[in-house]
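The following report is meant for someone who is meeting this structure for the first time.

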Amino acid sequence: MASHIVGYPRMGPKRELKFALESFWDGKSSAEDLEKVATDLRASIWKQMSEAGIKYIPSNTFSYYDQVLDTTAMLGAVPDRYSWTGGEIGHSTYFSMARGNATVPAMEMTKWFDTNYHFIVPELSPATKFSYASHEAVSEYKEAKALGVDTVPVLVGPVSYLLLSKAAKGVEKSFSLLSLLDSILPIYKEVVAELKAAGASWIQFDEPTLVKDLAAHELAAFSSAYAELESALSGLNVLIETYFADVPAESYKTLTSLSGVTAYGFDLVRGTKTVELIKSTGIPSGKYLFAGVVDGRNIWADDLAASLSTLQSLESVVGKDKLVVSTSCSLMHTAVDLVNETKLDSEIKSWLAFAAQKVVEVNALGKALAGQKDEAYFAANAAAQASRRSSPRVNNEEVQKAAAALKGSDHRRATPVSARLDAQQKKLNLPVLPTTTIGSFPQTMDLRRVRREYKAKKISEEDYVSAIKEEISKVVKIQEELDIDVLVHGEPERNDMVEYFGEQLSGFAFTANGWVQSYGSRCVKPPIIYGDVSRPNPMTVFWSKMAQSMTPRPMKGMLTGPVTILNWSFVRNDQPRFETCYQIALAIKKEVEDLEAGGIQVIQIDEAALREGLPLRKSEHAFYLDWAVHSFRITNCGVQDTTQIHTHMCYSNFNDIIHSIINMDADVITIENSRSDEKLLSVFREGVTYGAGIGPGVYDIHSPRIPSTEEIADRVNKMLAVLDTNILWVNPDCGLKTRKYTEVKPALTNMVAAAKLIRTQL
Ligand code: GLN
Ligand code: ZN
């Protein structure tokens with residue numbers, strides 16, 4: 001009877017670590033205060049897992065910021081600019097790498113596979129000097145041991161570490177990150193030796209890159225790395241943990257023949273084909289299979305009967321004593337503890353399991369396999385599963401029929417984009433290089449307070465509406481004074497671009513504490529989509545009409561697109577993602593049509609998260625892009641030619657999906673551009689033709705810096721070199737919500753001045 005947890009959330013059930021970190025960063029508390037919070041959190045997590053009966057409990061899955069940065073610290077791979085002088089890496093160097101300091105910017109951050117977690121990208125070069133500079137892994141192991149818990153220390157595996165790194169600036173193109181294996185393995189050996197000396201009998205290497213499409217030389221790096229580590233690892237049980245997708249057959253072969261390795265961990269939730277692969281290929285005799293059946297990426301209670309039957313079918317392949325029940329990945333990608341959800345009703349609650357509950361599920365499955373099934377627990381689970389399947393709150397036949405009818409057929413506007421743009425221009429009469437913004441204007445403390453008080457019913461609806469109205473009119477006036485061409489209302493009524501819509505759609509639930517770490521101390525609280533989605537009432541029409549009535553200039557209606565709502569929520573696991581997405585698309589379609597009927601001539605449908613939903617494996621990209629782009633088109637295929645549909649995307653690299661973006665068939669797209677070294681423009685330079693309007697961001701809104709007119713004009717001229725004058729729009733990178741008015745006003749003044757300057761030069 002063995003059970004294992006891949007990793008556990010670090011933030012704490014009420015985001016204790018977040019508050020401790022931020023207070024430390026603000027100089028309001030000491031390092032000791034911060035460390036005390038961290039120690040207490042770790043202790044309570046170990047205690048909880050050990051009391052639940054988990055056999056293989058992870059350690060070193062805690063982090064003050066990020067596990068990849070921890071590995072960088074362990075290896076002493078501190079970029080020169082942080083002026084680290086050696087020795088053990090302390091908080092100051094560590095947090096400087098994570099967040100930058102007064103003189104040096106932070107290291108780059110990027111998304112961890114297809115999750116919403118971001119890691120700090122190691123910057124390596126042939127000159128990087130490695131040294132064993134952070135003993136966290138060993139000290140955490142000892143800390144747990146002192147509490148009476150013998151843990152499995154977890155390290156980011158050496159090959160994944162290098163494959164997730166980037167070459168430092170200025171390093172020759174021919175430099176291969178994998179060539180550094182020989183330099184980092186000696187440090188891994190030191191760590192392993194210390195762990196052994198401290199009494200560890202197991203070690204877990206997370207090698208999630210094994211689920212990606214790897215080249216032969218990358219796979220070979222796994223073989224040579226573990227061959228090199230073999231003698232250091234002898235005497236230890238070694239688990240290689242993979243997650244987030246299937247392990248491709250070729251990689252599976254490599255993985256299961258690594259020397260010195262005794263156990264393999266697989267994500268059997270996302271990796272449905274892996275189950276078949278294990279059954280058909282088997283695993284080497286005497287080795288352990290860590291079967292990740294409990295979903296670490298979602299908040300649903302496990303279907304225990306189904307998992308048990310999967311596990312039983314695997315038992316005959318690997319043998320009873322070699323099968324270990326596990327989570328599909330670290331539980332850090334799910335919410336922490338359902339116990340703190342006091343506002344969710346008991347029916348919905350019975351369908352859910354957060355990290356703390358998943359630990360119990362894993363253990364129950366382990367016991368059931370060993371013939372000690374807790375019948376009452378399984379029966380309660382089966383009842384909850386059945387109630388979820390048949391609940392009228394989940395099922396809305398009308399919505400299901402409408403969504404089913406969409407499949408197989410295409411939805412697109414009848415008139416080609418060039419003719420639509422002509423029709424729109426007749427009505428809108430915009431200058432060349434029209435200026436606009438992305439939607440939100442600065443959100444002041446006052447504004448947040450008004451929303452909070454209205455939600456808590458402390459102020460009346462009347463007072464709320466008049467406060468928001470006043471704000472909108474202020475934002476409209478500012479834009480008119482700046483002489484912007486297409487206006488926005490500023491989104492003062494919205495807390496978050498997904499939550500705002502989720503709260504008004506049926507089929508969504510919201511948690512009080514369902515936080516998931518996004519990066520550092522930053523957490524997000526995704527809505528839960530539990531049922532068929534419909535839109536009982538218009539969501540934005542009231543505000544958009546009000547804003548339009550304040551100005552003769554076109555006012556953009558502002559919506560979040562279906563793919564973004566989907567990708568930023570916890571989604572149903574009882575139907576394919578595309579089905580849920582089509583349902584959301586139909587709801588947004590109604591909103592689009594109501595806005596149009598309400599006299600709104602320009603409607604922006606944000607798809608900020610379209611790219612991040614891209615599956616990890618290339619073979620699955622086409623299918624995803626097909627339904628995602630289709631969902632977007634469904635929202636606006638019914639509008640008149642004269643209604644201009646905008647979309648907006650941020651934070652991305654679009655070059656590989658540019659044809660899908662074109663296929664969205666929006667009239668205008670505004671895109672993040674200024675931070676990606678104008679990579680976007682290179683697509684057009686290489687000859688891709690874009691017939692619709694396009695507004696690559698002319699300045700970075702993530703920075704307080706105010707761009708000069710010349711600088712913006714320069715950028716616009718660069719764009720004009722590759723894009724037609726009559727399709728180019730001038731706008732910032734993204735919404736202005738996080739900026740201050742003292743930054744926004746001068747920046748937009750310069751932006752408009754730049755557009756006007758270039759207009760005179762055409
Ligand atoms: N319309 C949104 C805003 O301006 C878009 C935000 C985003 O792209 N992340 O805030
Ligand atoms: Zn954006």
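Helices (H or I, at least four residues) and strands (E, at least two) are DSSP runs that are numbered from the N terminus. The model is a predicted one, in which local features need pLDDT of at least 70 and side-chain atom pairs count only at pLDDT 80 or more, whereas totals for chains, interfaces and linings use all residues. Residues are numbered from 1 along each chain as its sequence is written, while chains are lettered from A and ligands numbered from 1 in the order in which they are written.

**Overall fold**

The protein contains 27 helices and 20 strands. Its radius of gyration is 27 Å, close to the 27 Å given by the globule rule for 762 residues, so the protein is as compact as a globular protein of that length; the radius is taken over C-alpha atoms, and the rule is 2.2 Å times the number of residues to the power 0.38. Along the principal axes, the C-alpha trace spans about 75 × 60 × 50 Å.

**Domains**

The domain assignment, whose bounds come from an automatic or database source, gives domain 1 (2-8 + 54-64 + 108-390) and domain 2 (413-442 + 482-504 + 539-761). Eleven residues from domain 1 and seven residues from domain 2 take part in the contact, where two residues are in contact if their C-beta atoms, placed from the backbone, lie within 7 Å. The C-alpha centres of the two domains lie 38 Å apart.

**The annotated site**

An unreviewed UniProt entry places the feature "binding site" at Ile438, Gly439, Ser440, Glu491 and Asp606; UniProt positions follow the numbering used here, feature names are shortened, and annotations may be inferred rather than shown by experiment. These residues are spread over 169 residues of sequence, yet they cluster in space, with a largest C-alpha distance of 12.9 Å.

Ile438 is found in the loop between helix 16 (417-428) and helix 17 (445-455), and Gly439 has its place in the loop between helix 16 and helix 17. The table gives their burial, a residue being buried if 20 or more other C-beta atoms lie within 10 Å of its own, exposed if 12 or fewer, and partly exposed in between, with C-beta atoms placed from the backbone.

| Residue | C-beta neighbours and burial |
|---|---|
| Gly439 | 24 C-beta neighbours inside 10 Å, buried |

Leaving aside neighbours within four places in sequence, Ile438 is in contact with His648, Thr670, Asn731, Pro732, Cys734 and Gly735. With residues up to four places away likewise not counted, Gly439 touches Val488, Glu491, Met558, Gln604 and Gly735.
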